[in-house]
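Please walk me through this structure in plain terms. I would like to know how its parts are held together and what lies at its surface.

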Amino acid sequence: TGAFAQSSVQIDGQYDAGYQSIDYKGAKVGAFAGNGSTTSQINFRGVSDLGGGLKAEFRVETDWNTVSNNGNTGAKKADGTVAAASSFGNGELRGGLVGGFGRVDFGAINNAQLDAYLTGQPFGTAVGSAFRGVFSTDAASAMGASVVRFDNSARYITPTFNGFSASVLGVQKNTKANSTNFSTTTGNFDYAGVQEFSLRYNNGPINGIYATTKQTLAGTEGATINDATNNTLGANYTFGDFTVYLLNQTAKSNLVAGGNGVNRDVTTVSGKYTMGANVFIAQAGTAKNKIAGVSNTGNTSIFSLGYDYNLSKTTSVYVRYEKLGDKAGLTTAPTQIAGGNMTGTDRTRTAIGLRVGF
């Protein structure tokens, strides 16, 4: 009863919707959509004060579609097909203990690759960020399906010492290592093994994190794909109304049953300038495809612009623009618009919309 009296639950989130267009050299689609500047989500957060500086905390994140009922229910669309449904708790799930020892969490936890990625550029995972274009947040998936969290994971974060903290996250690799085989029975949920480490520094105007993730990929180890790694450095420095960002990522995987696997190196620099209610952001960089013998030549260029006008502390209108010149052949077009008049994987994306925090 005493512990219950010290418990609280908070609801917060983001609503993002507007008009977006994407153009792959002649294959162009435009529509009203969400997540032009951030991920629309509702969070339930809880904390229970256990005394002596010890707390139990949890987060349940639900990402939702802000422009389609079908997108939230999985109902049939006008063309008769069934939409992929959002569902309760489809985002980060974590619960654990926090105290003088640091923090321990269990669940489906956002990985440190995502933390580093969000630290190293101001576009989040939305239009302008090159997320799932040339950057990924896990080593096992193709960039177009890159996940930001791992099921069945456990994480430990150290206390902060003079601005420094570290974390370790792990997922137990089960026999079949196939994440599509799900069962509620313990031991029957086969999943690729994950070992992740990160080091963070956050002190005054300097914020930086380096994350390294190693995964044993889906399939029998050694038969299809062996180990894969992601190493990401994200940093930013604020001085007055300016913030400058640096993001670097190397990703490698070894495809031993044919093909070339993955070997790429991406670096971007970004800036943000705040002038009253106006926020201007920009990013530029290059991605290199370093696989031996690939036919693609040159680098993939990244260029992004953004503007926010803050109507209040929680509400903004925004514009986003992103251009990828994909000479390295790193991006793939969505199957809905591939083919037809499409002549390459160069792309531009634009978005204009409204973002409301609560």
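Glu 322 and Arg 347 form a salt bridge in this predicted model, with the closest N and O atoms 2.8 Å apart. A salt bridge here is a side-chain nitrogen of Lys or Arg within 4 Å of a carboxyl oxygen of Asp or Glu. The pair links distant parts of the chain, since Glu 322 is in strand E16 (residues 315-326) and Arg 347 is in strand E17 (residues 347-357), 25 residues apart. Glu 322 is buried, at 0% relative accessibility. Arg 347, at 6%, also counts as buried. Buried means under 20% relative accessible area, exposed means over 50%, and partly exposed is what lies in between, with a 1.4 Å probe and protein chains only. Strands (E, at least two residues) and helices (H or I, at least four residues) are DSSP runs numbered from the N terminus.

By the same rule the count comes to 13 salt bridges. One of them joins the side chains of Arg 45 and Asp 12, at 2.7 Å from N to O. Arg 45 lies in strand E3 and Asp 12 in strand E1 (residues 7-24), so this pair ties together parts that are 33 residues apart in sequence. Asp 12 is buried at 12% relative accessible area, whereas Arg 45 is partly exposed at 28%. Another salt bridge is found between the side chains of Glu 61 and Arg 59, at 3.3 Å from N to O. Glu 61 is buried, with 3% relative accessibility, and Arg 59 is buried as well, with 9%. Through shared partners, salt bridges join Arg 59, Glu 61, Glu 92, Arg 94 and Arg 149 into one network.

Some words on numbering and method are needed. Residues are numbered from 1 along each chain as its sequence is written, and side-chain values use heavy atoms, with hydrogens and water left out. In this predicted model, local features need pLDDT of at least 70 and side-chain atom pairs count only at pLDDT 80 or more, while totals for chains, interfaces and linings use all residues.

The protein chain as a whole has 3 helices and 17 strands. Of its 358 residues, 39% count as buried. Contacts (heavy atoms within 4.5 Å) can also be sorted by sequence separation. Among those between residues at least 6 apart in sequence, 57% join residues at least 24 apart. The chain exposes about 17600 Å², and carbon and sulfur atoms supply 56% of this area. Accessible areas come from the Shrake-Rupley method with a 1.4 Å probe, and for residues only the protein chains shown count as cover.

Aromatic rings are the next topic. A search of the whole structure finds 10 aromatic pairs. Rings of Phe, Tyr and Trp (its six-membered ring) pair if their centres lie within 6.5 Å; planes under 30 degrees apart count as stacked, over 60 as edge-to-face and the rest as tilted. The rings of Tyr 117 and Phe 131 have centres 5.7 Å apart and planes at 45°, so this pair is tilted. Tyr 117 lies in helix H3 (residues 112-119) and Phe 131 in the loop between H3 and strand E7 (149-157), so the pair ties together parts that are 14 residues apart in sequence. Tyr 117 and Phe 131 are both buried. Phe 239 and Phe 242, by comparison, form a stacked pair, 5.8 Å centre to centre with 15° between the planes. Phe 239 is partly exposed at 40% relative accessible area, and Phe 242 is partly exposed at 41%. Ring pairs link Tyr 237, Phe 239, Phe 242 and Tyr 273 into a cluster.

Helix H3 is mostly covered, with 6 of its 8 residues buried. Its buried residues are Ala 112, Gln 113, Leu 114, Ala 116, Tyr 117 and Thr 119.

At the surface, Leu 50, Leu 97, Phe 101, Tyr 156, Val 168 and Phe 197 form a nonpolar patch with about 500 Å² of accessible area together. Patches are made of residues with over 30% relative accessible area and no salt bridge; like charges are joined within 9 Å and nonpolar side chains (Val, Leu, Ile, Met, Phe, Trp, Tyr) within 5 Å. Phe 197 is in strand E9 (residues 194-203) and is partly exposed at 47% relative accessibility.
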